[in-house]
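I opened my notebook and went through this model piece by piece. Here are my entries, in the order I looked things up.

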Amino acid sequence: SDSELLIKFKSSLTNADALSNWNPSTPPCNGNNANWVGLLCASDKIWGLKLEKMELKGVIDVESLTGLPDLRTISLMHNNFDSNWPEFNKLIALKALYLSNNNFTGSIPDEAFQNMEWLKKIHVSNNQFTGEIPMSLTTLPKLKELKFDGNKFEGAIPDFKQPTLTVFNVANNALVGEIPPALSKISSVSFSGNRALCGAPLEACKTPISDSDQAPNPKSGASVGSIVVVSIVVALAVIVIVGVIFILHRRKSPAGGACVENPSSSPNPHKKSNRDIVDDGGSTHSVSSHASSSSTRRAADSLKLSFVRDDRERFDLHELLKASAEVLGSGCFSSSYKAALTNGMMIVVKRFKQMNNVGRDEFHEHMRRIGRLSHPNLLPLVAYYYRKEEKLLVTDYVKHGSLAVRLHGYQGLGQPSLDWPTRLKIVKGIAKGLEYLYKEMPSLIAPHGHLKSSNVLLGESFVPLLNDYGLVPVINQELAQDTMVIYKSPEYVQHGRVTKRTDVWSLGILIVEILTGKFPASFLQQGKGSEMGLANWVHSVVPEEWGVEVFDKEMGGSLSSSQGEMVKLLNIALACCEGDVDKRLDLKEAIERIQGVKDTD
Ligand SMILES: Nc1ncnc2c1ncn2[C@@H]1O[C@H](COP(=O)(O)OP(=O)(O)OP(=O)(O)O)[C@@H](O)[C@H]1O
């Protein structure tokens, strides 16, 4: 059983006190939550081991882990492991392996990553690894992130060619020789602190390379002269290929790859005439200018939008493809486009690529369930589109935009900020929307799951409308864990669990943001590192001994006339983002107390 395998895994570790609740008398998982510390669970299955900062040491028994067929991610970062490379390639389904900040030693065998076709992320920064960077890494088709910095790797960098490789860091090793041309666009910082690396993005290699800094690539066996000639040819080809990839990437990821739209940028999104909304199995279909091309027509014929409410005028994907579109933002999670239909209707299409956590039937059922929700503080789902590779969710366009932009994006433009009565009204509306979600979706542990200021839109008279709710069950777990707000909560960061009070924590963070006017910048980062940042952010903007100076100055005169009520609301917010779940307010208490705050202006 999973319990036995994990207990066996634990038995070869030394100093495993942190795993004391690994006890066969309770099952390791309870649905999507972990009973045992350091596990990541989904539907009672273990998909991740997150054993970080536990002072663990000893032997990593990979063999035992092969008995966990759903295991996709392993993090052992910030421990004291000092062994040689464990045979992780026995875990062929692994997608992410994080071993940074330990004392692993010895060389990593050349074939260490053979057959690990699913592996996307490998972080081994700040260990004591020696020898050469293993060649088998160059054969991984999905490799996205490779962090090998802060070790003692030597020799040349193998010829990485994967176009998927976007995060690459080998700084502070003892590497020599020419940087493979396909890596020339990576920041020079990622190659700094090595013995003798050359070529873009660092300085060009000298030709011929002098004896003292010559770095023959022991793996290629080619002469320096031929390397130079081949490099020039390859470099030219790469420039052309990178150019094409860049253009395609810009078309697909219009915000330039930024993880989350930065609300302090202009509130008016840059208008584009041509945007790709539907990706039909690899070929893209631009909105507007190519609407009449036969491929677009063929694709549109095969595409059907599923409408989830009866009270809405219907349109089809033909119409959507003809519409002129504008990019609203491109987060880690999704990309959003605003489209004007021929009948004048303005809609927003959100495109998700990683929404495959459930099968087709369950997905349809879940969307219909979301479609049945109706509340003055929820932005209703209008329609959706299902394909295995991607999903589109369609909502109305809300012309006043998001709370994030209203709070943080207007300052430079001389626009009036939100006053206290409006902020209080927004907080009360958000709380009511959340209360409704809890009532209508009781089976979800976190009925919202991604509550933050860019997911609160402002309707007429600043009525807040919650967006992106109820999506936790359908988003791929790995992406969800890296991006969704609930997974940045203290209980998830520390114990790998989400509770009925986790959305309350997000509500607390949001109220602190509304009252202080400070933006939790760690929302802009993805994945690890951003998590503690967000949990600690509250303490940085509202220190232990806080006074009236913490409130947003933009609230002007109300700061003196309504100070008492503001203090009351901030205290409620702090009780909502209390790190200890047992001491945190539950939703009912939080809502009662919020509704009791008065608009005294
Ligand atoms: N229906 C809508 N009407 C108006 N603006 C919207 C609408 N939906 C989203 N937006 C705005 O578009 C921008 C991009 O939203 P999107 O939801 O794609 O990303 P995000 O909320 O910034 O981050 P994440 O990817 O984590 O959800 C945000 O500023 C958001 O407030």
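**Entry 1: the seven-stranded sheet**

I traced an open sheet of seven strands in the order β4-β5-β7-β8-β10-β12-β14, with mixed pairing. I noted that β4 and β14 (167–169) are at the edges with a single partner strand each, so one side of each has no neighbour in the sheet. From one strand to the next, the twist averages 15°.

Before going on, I wrote down the ground rules. This is a predicted model, in which local features need pLDDT of at least 70, side-chain atom pairs count only at pLDDT 80 or more, and totals for chains, interfaces and linings use all residues. Residues are numbered from 1 along each chain as its sequence is written.

My terms for secondary structure come from DSSP: helices are runs of H or I of at least four residues, strands are runs of E of at least two, and both are numbered from the N terminus. Two strands pair if DSSP finds at least two bridges between them. As a reminder to myself, strands of a sheet pair through backbone hydrogen bonds, either parallel or antiparallel.

**Entry 2: whole-protein figures**

I counted 15 helices and 26 strands in the protein. Of its 601 residues, 43% count as buried. For that label, 20 or more other C-beta atoms must lie within 10 Å of the residue's own; 12 or fewer makes it exposed, anything in between partly exposed, and the C-beta atoms are placed from the backbone.

I also looked at contacts, meaning residue pairs whose C-beta atoms, placed from the backbone, lie within 7 Å. Among contacts with a separation of 6 or more, 56% are between residues 24 or more positions apart.

**Entry 3: around β5**

How many residues of strand β5 are buried? I found five of the six in residues 45–50, so β5 is largely enclosed by the rest of the structure.

On one pairing, four bridges join β5 to strand β4 (residues 39–42), and the two run antiparallel. There, Ala42 is opposite Lys45 of β5. The hairpin of β4 and β5 has two residues between the strands, and Ser43 takes a positive phi near 50° in it.

β5 also pairs with strand β7 (residues 73–75), through three bridges and in parallel. Gly48 has Thr73 of β7 as its bridge partner.

Further along the sheet order, I checked strand β8 (residues 96–98) and strand β10 (residues 121–123), which are parallel and joined by three bridges. Leu97 faces Ile122 of β10 in that pairing.

**Entry 4: a three-stranded sheet**

I then turned to an open sheet of three strands, ordered β13-β15-β16 with parallel pairing. Its edge strands are β13 (154–155) and β16 (196–198), each pairing on one side only.

Four of the five residues of β15 are buried, which leaves the strand mostly covered. Two bridges link β13 to β15 (residues 174–178): Glu154 stands opposite Ala174, and Gly155 stands opposite Leu175. Three bridges join β15 to β16, where Cys198 is the bridge partner of Glu178.

The axes of helix α8 (residues 420–440) and helix α11 (residues 502–516) come within 11 Å and cross at roughly 170°. My axes are lines fitted to C-alpha atoms, for helices over the stretch in contact, and angles run from 0 to 180 degrees between N-to-C directions. That crossing makes α8 roughly antiparallel to α11, a label for angles over 145 degrees.

I listed the residues that make the contact: Arg423, Ile426, Val427, Ile430, Ala431 and Leu434 of α8, with Asp503, Leu507, Leu510, Ile511 and Ile514 of α11.

Next came helix α15 (residues 587–595), where Leu587, Ala590, Ile591 and Ile594 are buried. They cover an arc of only 95° around the axis, which puts them on the same side of α15; the arc is that of the directions from the helix axis to the C-beta atoms. Lys588 and Glu592, on the other side of α15, are exposed. The buried residues of α15 pack against α8, α11 and α14 (563–576).

**Entry 5: Val542**

Where does Val542 lie? I found Val542 in the loop between α12 (530–541) and α13 (558–561). Val542 counts as buried because it has 20 C-beta neighbours inside 10 Å.

Leaving out residues up to four places away in sequence, Val542 touches Val512, Thr516, Val550, Leu570 and Leu574. The C-alpha atoms of Val542 and Leu570 are separated by 9.2 Å, with the two residues 28 apart along the chain.

Notes:
Contact = placed C-beta atoms within 7 Å. Parallel < 35°, antiparallel > 145°, perpendicular 65-115°, else oblique.
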